[in-house]
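Thanks for passing this one along.

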Amino acid sequence: MNSGRVLWHLVKADFLTRVRRTSFLVTLGGALFLGYQVFAGHVVMRLDDYRGIYNSAWVGALMGVVTSTFLTLAGFYIVKGSILRDETTRVGQILAGTPMSKSFYTVAKFLGNFAVLAAMVAVMAVAALCMQMLRAEDRTLHLWTLLSPLLLYALPAMAFVAALAVLFETLPLLRGGLGNVIWFFAWMALIVAGVAPAATHGGQLSRADY
């Protein structure tokens with residue numbers, strides 16, 4: 001069996017294991033709830049006192065920001081633990097007896113993590129499409145304009161989280177509860193760093209009831 005097929009089966013097995021877990025379904029439900037909150041107008045993105053029309057560009061940008069902001073936190077805890085699970089189930093011992101290198105195994109774990117997080121982004125993409133149609137402020141659909149923020153902004157953020165989860169598991173100090181706490185505060189610091197320039201230029205993401 002060539003390395004490509006081995007990689008595919010490892011990623012597929014890791015993905016299927018994750019999506020069958022209750023935590024994945026809970027997080028997916030949370031993502032759908034966020035999509036509804038945006039649709040209902042409870043989560044809005046403003047430029048000073050103005051918001052955009054709910055066309056493809058504005059809905060895509062809003063869903064891209066919401067997805068990359070909130071799912072990067074929950075997604076980390078969903079995907080972290082795959083290496084530890086292999087150790088506790090003794091799958092790791094079986095894999096260690098194969099010609100597989102550590103770098104190959106690490107890449108497989110990263111891709112498995114990313115596949116799970118990308119599935120959540122896909123759900124948000126469908127929610128963005130439904131949102132534009134149901135809000136009906138502008139039903140002219142520009143698919144690339146709608147999806148590009150999720151593809152170019154949210155997906156790279158998920159790739160970063162997927163890689164970081166693998167890194168935390170390979171470092172003894174960070175693979176346990178301490179790593180979970182550190183990621184929470186690191187996530188908060190990254191959010192604050194990202195929001196500060198937007199606030200300086202008059203843009204903000206907020207909750208509002210209409």
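Predicted model: local features only at pLDDT ≥ 70, side-chain atom pairs only at ≥ 80, totals over all residues.

1. The secondary structure consists of eight helices and two strands. In sequence order, these elements give the pattern α-α-β-α-α-α-α-α-α-β.

2. The chain has 210 residues, and 38% of them count as buried. Among the contacts with a sequence separation of 6 or more, 81% join residues 24 or more positions apart.

3. Helix H1 covers residues 3–19 and helix H6 covers residues 102–135; their axes come within 8 Å and cross at roughly 45 degrees. An angle between 35 and 65 degrees falls in the oblique class, so H1 and H6 are oblique to each other. The crossing of H1 past H6 is right-handed.

4. Which residues make the contact between H1 and H6? On the H1 side they are Ser-3, Val-6, Leu-7, Leu-10, Val-11, Asp-14, Phe-15 and Arg-18. On the H6 side they meet Phe-104, Ala-108, Lys-109, Leu-111, Gly-112, Asn-113, Ala-115, Val-116 and Ala-119. By class, the residues of this contact are eleven nonpolar, three polar and three charged.

5. H6 also packs on H3, at an angle of about 150 degrees and with the axes 9 Å apart. Angles over 145 degrees count as roughly antiparallel, and H3 and H6 are therefore roughly antiparallel to each other. Their crossing is right-handed.

6. The H3 side of that contact includes Ser-56, Val-59, Leu-62, Met-63 and Thr-67, along with Leu-71, Gly-75, Ile-78 and Val-79. These meet H6 residues, among them Asn-113, Leu-117, Met-120, Val-121 and Met-124. The contact of H3 with H6 has 14 nonpolar and five polar residues, and no charged ones.

7. The axes of H6 and H7 are 8 Å apart, and the packing angle is about 150 degrees. That makes H6 and H7 roughly antiparallel. Here too the crossing is right-handed. Sorted by class, the H6 contact with H7 has 21 nonpolar residues, three polar and one charged.

8. Now for the interior. In soluble globular proteins, nonpolar side chains tend to be buried together. In this model the largest nonpolar core has 37 residues, and those with the most contacts inside it are Val-59, Met-63, Leu-117, Met-120 and Trp-183. At least two core residues come from each of helix H2 (22–40), helix H3 (56–79), H6, helix H7 (143–170) and helix H8 (177–200). H7 gives the most, with ten residues.

9. Setting aside residues up to four places away in sequence, Leu-117 touches Gly-75, Val-79, Met-158, Val-161 and Ala-162.

10. Is Thr-67 buried or exposed? Thr-67 sits in helix H3, and because its relative accessibility is 0%, Thr-67 counts as buried. Beyond residues up to four places away in sequence, Thr-67 touches Thr-72, Val-121, Met-124, Leu-150, Ala-154 and Met-158.

11. Ala-162 belongs to helix H7 and is likewise buried, at 0% relative accessibility. Leaving out residues up to four places away in sequence, Ala-162 touches Phe-110, Asn-113, Phe-114 and Leu-117. The C-alpha atoms of Ala-162 and Lys-109 are separated by 8.6 Å, although these residues are 53 residues apart along the chain.

12. Finally, a look at a loop residue. Leu-141 lies in the loop between H6 and H7, and with a relative accessible area of 39% Leu-141 is partly exposed. Apart from neighbours within four places in sequence, Leu-141 is in contact with Ser-56, Leu-129, Gln-132, Met-133 and Leu-146.

Key: Residues numbered from 1 in each chain as written. Heavy atoms only, no water. Axes fitted to C-alpha atoms, helices over the stretch in contact; angles between N-to-C directions. Helix = DSSP H or I, 4+ residues; strand = E, 2+ residues; numbered from the N terminus. Parallel < 35°, antiparallel > 145°, perpendicular 65-115°, else oblique. Left-handed = near helix turned anticlockwise from the far one by under 90°. Contact = heavy atoms within 4.5 Å. Nonpolar A, V, L, I, M, F, W, Y, C, P; charged D, E, K, R; others polar. Core = buried A, V, L, I, M, F, W, Y, C linked by side-chain atoms within 4.5 Å. Buried < 20%, exposed > 50% of the residue type's maximum accessible area, 1.4 Å probe, protein only.
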